[in-house]
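Please read it with the sequence and the structure side by side.

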Amino acid sequence: MAASATKNSPPRSSAASKLIDRMKVYSSFRPDQVPEYLKALGRMLGEYGEDRLNRGLTAAIDAIQSFPPTPAEIRKYIPPLTIETCGKCDAGWVVANPEAKRSEQKVRRCGCV
Ligand SMILES: [Zn+2]
């Protein structure tokens, strides 16, 4: 029972704590900001995933060195989601009936995604 409960709850709070630790490079980062950042980073983890959030935070820390970046600023540095495609489609989509009028064209998912 305990094992399955652990498995079902993503380790979001521990991932957020690790990110909080990185905020401590700023001498002006105050302990009373931790709950606010924990909440904001937890939300961003759900939206972007740990890898992208980590890279966004690294970029924010590199770019903003004098004061801790706000959660909104960190968001601006999160890299866009890139999809690997075959290059023949439009970001994973292909027009199924290119002969049709543009307004009547239908797109379908390409086999490469
Ligand atoms: Zn494709």
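Domain bounds, as used here, come from an automatic or database domain assignment. The model is predicted, and its protein chain is assigned domain 1 (2-76) and domain 2 (83-113). Taken over C-alpha atoms, the centres of domain 1 and domain 2 are separated by 37 Å.

**Packing of H2 with H3**

- Helix H2 (residues 12-23) and H3 have axes that come within 9 Å and cross at roughly 125 degrees, and that makes H2 oblique to H3.
- The crossing of H2 and H3 is right-handed.
- On the H2 side the contact is formed by Arg12, Ser13, Ala15, Ala16, Leu19, Ile20 and Met23, which meet Val34, Tyr37, Leu38, Leu41, Gly42 and Leu45 in H3.
- By class, the residues of this contact of H2 with H3 divide into 10 nonpolar, 2 polar and 1 charged.

**Packing of H3 with H4**

- The axes of helix H3 (residues 34-48) and helix H4 (residues 50-63) cross at roughly 125 degrees and come within 7 Å.
- Since angles of 65 to 115 degrees count as roughly perpendicular and those over 145 as roughly antiparallel, H3 and H4 are therefore oblique to each other.
- In this contact, Met44, Leu45 and Tyr48 of H3 meet Glu50, Arg52 and Leu53 of H4, and the residues involved comprise 4 nonpolar, no polar and 2 charged.
- Leu45 of H3 takes part in the contact with H4 and is also listed among the H3 residues that meet H2.

**Leu57 in H4**

- Leu57, which lies in helix H4, has 19 C-beta neighbours inside 10 Å and therefore counts as partly exposed, given that a residue is buried if 20 or more other C-beta atoms lie within 10 Å of its own.
- Leaving aside residues up to four places away in sequence, Leu57 touches Leu19, Arg22 and Ile74; of these, Leu19 is also one of the H2 residues that meet H3.
- Leu57 and Pro69 are 12 residues apart along the chain, and their C-alpha atoms are separated by 8.7 Å.

**Lys18 in H2**

- Lys18 is found in helix H2 and is partly exposed, because 13 other C-beta atoms lie within 10 Å, whereas a residue counts as exposed if that number is 12 or fewer.
- Between Lys18 and Cys112, which are 94 residues apart in sequence, the C-alpha to C-alpha separation in space is 35 Å.

Key: Residues numbered from 1 in each chain as written. Predicted model: local features only at pLDDT ≥ 70, side-chain atom pairs only at ≥ 80, totals over all residues. Axes fitted to C-alpha atoms, helices over the stretch in contact; angles between N-to-C directions. Helix = DSSP H or I, 4+ residues; strand = E, 2+ residues; numbered from the N terminus. Parallel < 35°, antiparallel > 145°, perpendicular 65-115°, else oblique. Contact = placed C-beta atoms within 7 Å. Nonpolar A, V, L, I, M, F, W, Y, C, P; charged D, E, K, R; others polar. Left-handed = near helix turned anticlockwise from the far one by under 90°.
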